[in-house]
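Have the viewer ready and follow along.

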Amino acid sequence: MKKIKIHQFENGIYQPCVFIVTDNRLDLIKENFTETDGNELDLYDIDCFTQAFVYQGPVIHKDNPDVGGFLIAFKNKEKMRVEIMAHEAYHAMLLYAEHIGLNYEERGCNEARAYLLEWMVKCCNEVKNFKDKKK
């Protein structure tokens, strides 16, 4: 299996983690991840992968199938501008919240969702600022 750099983040409260990848090679993303039921990722709709995408369901990394999470993929670090990170983190937060049953509270403060979004943006920013010591 070819390798790509995969960053995995746990939030300490909810079970699913977040996987963040900065690689535009969809074939390698498919080689490293599956859906939680073991099915191959369906990336056929990702034809306009110009900046980033969020996979529309929970995934597992093939090297650690006991840990499920949500996948955010950026084409490369240069595409990790603040507005793109916030945009993709928002999509991921909505999927994550639905997955764990964190409903939207109409006229509520929705603090749990706000903290979840904040955490995801911080994870993206950490990946953007990550310096690979092997270079």
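Helices α2 and α3 cross in the right-handed sense (a crossing is right-handed if the near helix is turned clockwise from the far one by less than a right angle, and left-handed if anticlockwise). Their axes lie 9 Å apart at an angle of about 135 degrees, with axes fitted to C-alpha atoms over the stretch in contact and angles running from 0 to 180 degrees between N-to-C directions. That makes α2 oblique to α3, as angles under 35 degrees count as roughly parallel, over 145 as roughly antiparallel, 65 to 115 as roughly perpendicular and the rest as oblique. Contact here means heavy atoms within 4.5 Å; among the residues making it are Met 85 and Tyr 96 of α2 and Leu 116 and Trp 119 of α3.

Please keep in mind that this is a predicted model, where local features need pLDDT of at least 70, side-chain atom pairs count only at pLDDT 80 or more, and totals for chains, interfaces and linings use all residues. Residues are numbered from 1 along each chain as its sequence is written, and side-chain values use heavy atoms, leaving out hydrogens and water.

In the loop between α2 (82–100) and α3 (111–129) you will find Asn 110. Asn 110 counts as buried because its relative accessibility is 11% (buried is under 20% relative accessible area, exposed over 50%, partly exposed in between, with a 1.4 Å probe and protein chains only). Another asparagine, Asn 32, lies in helix α1 (residues 26–32) and is buried at 0%.

Notes:
Helices (H or I, at least four residues) and strands (E, at least two) are DSSP runs, numbered from the N terminus.
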